[in-house]
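Here is a quick walk through one model, written for someone who likes the cut-offs spelled out. Have the viewer open as you read.

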Amino acid sequence: MQTYYYVLASQRFLLEEEPMEEVLRERTRHYHEQEKEIDFWVVKQPAFLEAPEMAAVKAKCPQPAVAIISTNSQFITWLKLRLEYVLTGEFQAPSETISDALASLATVS
């Protein structure tokens, strides 16, 4: 099992009100320069929120939600400090209740 860390917020806040595209583009560029593998993902309507143990977290976050998920806890801590009004946490996957850490409930249009 792998531990995943996340920053969670409403889709409107994270993708419209905050300049996240710029932050993630810069982070991706930095990783490529360092020849480091990408260890973060943006997931709209993350399926991990449907796990019973995540009910309290889901209840606190306006829907539809977006998560930035990473295997790097320091990156998530940095995002939390930068963004301020987000929820953070961690979970293990794959597990009985979370089969795919990066699964999304969003429909593709």
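## A pair on one helix

In which helix do R25 and E21 both lie, and how many residues apart are they? Both sit in helix α2, 4 residues apart, about one turn of the helix. An α-helix has 3.6 residues a turn, so residues three or four places apart point the same way. The side chains of R25 and E21 meet in a salt bridge, 2.9 Å from N to O. The rule for a salt bridge here is a side-chain nitrogen of Lys or Arg within 4 Å of a carboxyl oxygen of Asp or Glu. E21 counts as exposed, because its relative accessibility is 60%.

Some housekeeping: this is a predicted model, where local features need pLDDT of at least 70, side-chain atom pairs count only at pLDDT 80 or more, and totals for chains, interfaces and linings use all residues. Residues are numbered from 1 along each chain as its sequence is written, and side-chain values use heavy atoms, with hydrogens and water left out. Helices (H or I, at least four residues) and strands (E, at least two) are DSSP runs, numbered from the N terminus. For accessibility, buried means under 20% relative accessible area, exposed over 50%, and partly exposed in between (1.4 Å probe, protein chains only).

The 14 residues of α2 should span 20 Å at 1.5 Å a residue, and the end C-alpha atoms are 20 Å apart, so the two agree. (The expected span is 1.5 Å times one less than the number of residues.) The buried residues of α2 are M20, V23, L24 and Y31. They cover an arc of only 90° around the axis, so they end up on the same side of α2; the arc is that of the directions from the helix axis to the C-beta atoms.

The face turned away from that buried side carries the exposed residues E21, E22, R25, H32 and E33. What covers the buried residues includes α1, β2, β3 and α4, with contact meaning heavy atoms within 4.5 Å. Just after α2 comes E35, with a positive phi of about 55°. E35 belongs to the loop between α2 and β2 and counts as exposed at 76% relative accessibility.

## The sheet and what packs on it

Four strands make an open sheet in the order β2-β3-β1-β4, with antiparallel pairing. Two strands pair if DSSP finds at least two bridges between them. The edge strands are β2 (40-44) and β4 (87-93), each pairing on one side only. On average, neighbouring strands of this sheet are turned by 25° against each other, direction ignored. Strand β1 (residues 2-10) is joined to β4 by 7 bridges, and the bridge partner of Q2 in β4 is A93.

Helix α2 packs on the sheet, touching β2 and β3, and its direction makes about 150° with that of β2. Helix α4 also packs on the sheet, touching β1, β2, β3 and β4, at about 15° to the direction of β1. Axes are lines fitted to C-alpha atoms, for helices over the stretch in contact, and angles run from 0 to 180 degrees between N-to-C directions.

R82 lies in helix α4 and E18 in the loop between α1 (11-17) and α2 (20-33), so the pair ties together parts that are 64 residues apart in sequence. Both ends are partly exposed: R82 has a relative accessible area of 35%, and E18 is at 21%.

K58 forms a salt bridge with E50, their closest N and O atoms being 2.6 Å apart. Salt bridges that share partners also join E26, R29 and E33 into one network.

N72, in the loop between β3 (65-70) and α4, counts as buried at 14% relative accessibility. Leaving out residues up to four places away in sequence, N72 touches Y5, R27, Y31, K36 and D39. S73 lies in helix α4 (residues 73-83) and is partly exposed at 32%.

E84, in the loop between α4 and β4, has a positive phi of about 70° although it is not a glycine. Cis peptide bonds join Q63 to P64, with omega about -5°, and A93 to P94, with omega about -5°. P64 lies in the loop between α3 (55-60) and β3, while P94 is in the segment after β4.
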